Amino acid sequence: MKANFSVAGNNSTFHEILCSSYLTSEHQYILLPINLFISITAFPGNVLIIIALQRVSSLHPSSKLLFICLASTDVCVGVILQPLYISYFMSPDNSIPCYYIGDVSYMLTFIFCGVSLQTSTAISVDRLLALLLGLRYRHTITLKRVWIFVIAAWFTSISNAILYYYQEAVPMYLACIVMLSSITTSAFCYVKIYRVLLHHQTQIQEHPLKEVPNRGSRLLNIARYKKTVSSAVWIQAAILICYLPFIIMTTIYTISEEYTPIIAFLLDLTVSFVQLNSSLNPVLYCWKIRDVRRSAKISIRRLFDACC
């Protein structure tokens, strides 16, 4: 049984409010265009990124696996989750399909977006370890260990989705805790990375050329690493923009202890923004990672040649 929420003295579940005529008639014109855009853009963009990553040799295999995992979950958002979500909004008012499609779409949101967020956080940790460990990085961060993390991320997200089926409130609170923890972890990693790079750069600039062995190669490595970290920071910034509204709305609901139709609508809107991140990631990949951008251009050119 789902947990009931108090709404103006009545006990109503989350989807009883979302499937009411009030929400579907007043707000579907806002929710539908957003989700149609996500559905149209998330699938082809992320498939292109997965194809492009196969040809990129500059990324370490463990790092490449994390990026592929992130793009794969975003593909699932576009091809599986969004069609269900659009059907959910277009379902008849107060109908059984609306309730069931709503439950399935929200469970899939917990799974795909949960894996995507955990993977993005792992990318920030991976970049920090690559900087701190140096030559030991390749022996410490192995493909086997990354695969263990990926399986654990899927397991925890699926477990939270199953819990949502029986209890709506607890998984939402857990999701907010995971989001805040992930954002905090990523912020710590990038601040640490910035401080280490600043220290290295200052050390090189303050010492004469002869006192710094391999000065030229170290400057080149720092420059290349800055570009990789910069791309990851942009991805993390997009996640912050997309996930923060959901955290704020869930906090407002917790403090107010009321589940009014407008709060239900805003929660659904913020969930759509969470899913919007799946459409933004491919743009950030092509924009910030030069090798991925070059490989994506080659793939697009070959596609047009095959079509023409």
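This is a predicted model: local features need pLDDT of at least 70, side-chain atom pairs count only at pLDDT 80 or more; totals for chains, interfaces and linings use all residues.

The secondary structure of the chain amounts to 10 helices and two strands, and in sequence order the pattern reads β-β-α-α-α-α-α-α-α-α-α-α. Of the 308 residues in the chain, 49% are buried. If we take the contacts between residues at least 6 apart in sequence, 79% join residues at least 24 apart. The chain exposes about 15700 Å², with 68% of that supplied by carbon and sulfur atoms.

I turn now to the aromatic side chains. The structure holds four aromatic pairs. In one of them, the ring centres of Tyr85 and Tyr106 are 5.9 Å apart and the planes stand at 45°, so the pair is tilted. Because Tyr85 belongs to helix 3 and Tyr106 to helix 4, this pair ties together parts that are 21 residues apart in sequence. Tyr106 also pairs with Tyr164, and here the arrangement is stacked, with 6.1 Å centre to centre and 15° between the planes. Tyr164 lies in helix 6, so this second pair ties together parts 58 residues apart in sequence. Both Tyr106 and Tyr164 are buried, and Tyr85 is buried as well.

Finally, helix 10 covers residues 290–307. Which of its residues are buried? They are Val292, Ser295, Ala296 and Ser299. These cover an arc of only 105° around the axis, which puts them on the same side of helix 10. Phe304 and Asp305, on the other side, are exposed.

Key. Residues are numbered from 1 along each chain as its sequence is written. Side-chain values use heavy atoms; hydrogens and water are left out. Helices (H or I, at least four residues) and strands (E, at least two) are DSSP runs, numbered from the N terminus. The expected span of a helix is 1.5 Å times one less than its number of residues. Buried means under 20% relative accessible area, exposed over 50%, partly exposed in between (1.4 Å probe, protein chains only). The arc is that of the directions from the helix axis to the C-beta atoms. Contact means heavy atoms within 4.5 Å. Accessible areas come from the Shrake-Rupley method with a 1.4 Å probe; for residues, only the protein chains shown count as cover. Rings of Phe, Tyr and Trp (its six-membered ring) pair if their centres lie within 6.5 Å; planes under 30 degrees apart count as stacked, over 60 as edge-to-face and the rest as tilted.
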